[in-house]
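Hi,

Here is the structure I promised to pass on.

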Amino acid sequence: MTTHVLQFVELSDHDRKSAKTFDKLGRGDQVEVRVRRRSGGDQVVRLPLKAAALLETALGHLLQGERVALLAEDRELSPNDAADILGISRPLVVHRMDIGDLPFRYVGKHRRTKLRNVLALKSRIDAQRAAMEALVEDTGDHRRRHGVSPTKKSKSVGRSSNRTSAPKDIDRLVLGTTNAPYRRTINSTDLAARLTSRDSQDWIAHVVTFFTEVRPELVLQFARLHAIPIQDLAAAYRSMKSATGEANPALESALERLA
């Protein structure tokens, strides 16, 4: 069993309603924490401004109902903890480690990575997701402005994916089309791993269907959802095209705009 070192704190509804925040700190302000001991004595601790600002930020998140965890950047995390921070599955975290995106070391038989490395990867993933989201919006607007209809093959996906946003809906639509022609089905985690590693192994038919039958907007939404870097997605497409001769010009155009 993997031990989590990432411990979140959250306030109950009662605590959030009864707690009060302080006004935004300004230059020259001083913050003191008073600890009232059970013995009856009081202890007052004056906080440095940066520590007080950290307290202010943490309290603000807690009062908004968010969970907060405090870790030093050199703290080592398990793949499960990294997955919680990155918002992706544990298998994809391990895959990112294996391909060099997330530095790690072994402690016994267990993988450990530093928080700073996880946050650096998260920054790249967030930037990638933002770029893909913008392109998804732009691609959808472009198709509507020019009256572009989905091809006959991907017609059912096209009708369902225009307003897709929920992660389960994205996976359902992608896998529904990707697995439709075949008895054997691939799951979203395995598909994301095949795309990131560009190693289709014995899933090449499913990868071809993914790239050629699913609408470009939905391909990008799936990549954004599973934190697949655009360069990996583009490389997987090129590898598929080179190996099979299959192509999707609309997707190529979208990938070129993101490159």
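Predicted model: local features only at pLDDT ≥ 70, side-chain atom pairs only at ≥ 80, totals over all residues.

Residues are numbered from 1 along each chain as its sequence is written, and side-chain values use heavy atoms, with hydrogens and water left out.

The strands: strand 5 (residues 110–114) runs antiparallel to strand 3 (residues 76–77), joined by two bridges. Here L77 stands opposite T113. Strand 5 also pairs with strand 4 (residues 105–107) in the antiparallel sense, over three bridges, and R105 has R112 as its bridge partner. (Strands are DSSP runs of E, at least two residues; helices are H or I, at least four; both are numbered from the N terminus. Pairing takes at least two DSSP bridges.) The hairpin of strands 4 and 5 has two residues between the strands, and G108 takes a positive phi near 70 degrees there.

The helices: helix 8 (residues 188–197) packs on helix 9 (residues 204–213) at about 85 degrees, with the axes 11 Å apart. (Axes are lines fitted to C-alpha atoms over the stretch in contact, and angles run from 0 to 180 degrees between N-to-C directions.) The two helices are therefore roughly perpendicular, a label for angles of 65 to 115 degrees. L191, R194 and L195 of helix 8 meet V207, F210 and F211 of helix 9, where contact means heavy atoms within 4.5 Å.

Best wishes

Note on methods. Parallel < 35°, antiparallel > 145°, perpendicular 65-115°, else oblique.
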